[in-house]
Amino acid sequence: MTVKTVAMLTAGGLAPCLSSAVGGLIERYSQVAPDVRIIAYLDGYAGLLTGRSVEVTAAVREQAHLLHRHGGSPIGNSRVKLTNVADCVRRGLVQEGQDPLHVAAEQLTKDGVDVLHTIGGDDTNTTAADLAAYLHENAYELTVVGLPKTIDNDVVPIRQSLGAWTAAEQGSIFAQNIIAEHSSNPRMLIVHEVMGRNCGWLTAETARRYHQWVGEQRFVEGFGNDPRCWDVHAVFVPEDHIDLKAEAARLKTVMDEIGCVNIFLSEGAGVADIVEEMKAAGEDVPIDPFGHVQIDKINPGAWFAKQFAALVGAEKTMVQKSGYFSRSAASNDEDLALIKRCTDLAVDSALAGVSGVVGQDEEQGDELRAIEFPRIKGHKKFDTSVAWFTELKASLGQG
């Protein structure tokens, strides 16, 4: 198939890779297939359904390298599930009686699109899988090539999602200021809530990087600037059961000794317990279009802070969320290198007519390849038995 027109979209939540991935795709096409027309759908699948797109002009191509310097997405995002017809109708993206998959396919045909690049997380790429399957079943000639964006690194079977390293680095930077608040009040409890619905990788990696940073600093000995007050005292992730009473007893000892406790908490840790408590109280549990509990509305950080504050005897409690700070950053050097490898292969795969999500395939020796859409799944669990995480917890006294 000769590729004449390529489209791209970014979708889901932000991550520190979207702008760079868009820039990388434009640069690669300009290098190996400069005559290919490129358009970008605005605001993700919402723009595809409503036919809103922008042309990648010669001027944009010349300046595409500047996109690597920025966070966010230059073409906008949204959370849209093409198979959730009721939600698409409610939001005015399709009319009553229309199938969003059919509307999307018709728009792609109208725009003459031969290749669609989707840049997003598990929801974006499983939606892309639904679209790719629909197109195949209905004889639409289109290659769909996705790129894996998720800051919690939870896409099966991909080793490393784009943007996750940067998000962990930025979470550590966030904590470097926030945890200085331990000195603002006696018996201070600080809960640093990190993004991660079902996967604790980002929380663990953020804590690892922050703990390393504390170890690299110099403090004024004997003048109250105790490094123990700056450090992490507990890391809680969704994959581990939290023994509230046992941990509270351990952390109360920390509080009694140094006058503060600093917890790094994955936003998905303990969500099941919170949901059960809400249901028992007769409260409605907020759900998003993908069927996920809306974590920002049930506020796990505040719930855990309330439980621990009473048990450790905190005089003041502070909950700080690094998610929006971390996910909107520009890519760091680690991610830029990975993004380039992935965008180069994404373009090469597209031109060869190979659909899939480009990433390091854990089930095929970490080979960087276009992974078949039916194999892409979300909610990959973080392996809490990995040596670096067990060593981290042991160093924190949380073994």
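The model is a predicted one.

The salt bridges come first. Side chains of opposite charge can pair when their charged atoms come close. With a cut-off of 4 Å between a side-chain nitrogen of Lys or Arg and a carboxyl oxygen of Asp or Glu, the count comes to 23 salt bridges. One of them joins Arg159 to Asp366, with 3.2 Å between the closest N and O atoms. Arg159 belongs to the loop between β5 (143-148) and α7 (164-178), while Asp366 belongs to the loop between β10 (356-361) and β11 (367-371), so this pair ties together parts that lie 207 residues apart in sequence. Arg159 counts as partly exposed, because its relative accessibility is 39%. Asp366 also counts as partly exposed, at 30%.

A salt bridge is also formed by the side chains of Asp240 and Lys393, at 3.2 Å from N to O. Here the loop between β7 (234-236) and α10 supplies Asp240 and helix α16 (residues 387-395) supplies Lys393, so the contact ties together parts 153 residues apart in sequence. The two partners fall into separate accessibility classes: Asp240 is partly exposed at 25% relative accessibility, whereas Lys393 is buried, with a relative accessible area of 14%. The limit that matters for this assignment is 20%, under which a residue is called buried.

An α-helix has 3.6 residues a turn, so residues three or four places apart point the same way. Asp344 is buried, since its relative accessible area is 16%, and Lys340 is partly exposed, with a relative accessible area of 48%. Elsewhere, salt bridges link Asp361, Glu363, Arg369, Glu372 and Arg375 into a network.

In the loop between β5 and α7, which holds Pro157, the peptide bond from Val156 to Pro157 is cis, with omega near 0 degrees. The loop between β5 and α7 is also where Arg159 lies. Its salt-bridge partner Asp366 has a backbone feature as well: phi of Asp366 is near 65 degrees, a positive value in a residue other than glycine. His379, in the loop between β11 and α16, likewise has a positive phi of about 65 degrees although it is not a glycine. At 33% relative accessibility, His379 counts as partly exposed.

At 1.5 Å a residue, the 13 residues of α13 (residues 300-312) should span 18 Å, and the end C-alpha atoms are 18 Å apart, which agrees. The buried residues of this helix are Pro300, Gly301, Trp303, Phe304, Ala305, Phe308, Ala309 and Val312. Just after α13, Gly313 takes a positive phi of about 75 degrees.

Asp256 counts as partly exposed, with a relative accessibility of 45%. The second pair is Gly171 and Glu205, which are 34 residues apart in sequence and 9.2 Å apart in space, C-alpha to C-alpha. Gly171 is found in helix α7 and is buried, with a relative accessible area of 1%.

Glu283 is partly exposed, as its relative accessible area is 44%.

Notes
Residues numbered from 1 in each chain as written. Predicted model: local features only at pLDDT ≥ 70, side-chain atom pairs only at ≥ 80, totals over all residues. Heavy atoms only, no water. Buried < 20%, exposed > 50% of the residue type's maximum accessible area, 1.4 Å probe, protein only. Helix = DSSP H or I, 4+ residues; strand = E, 2+ residues; numbered from the N terminus. Expected span 1.5 Å × (residues − 1).
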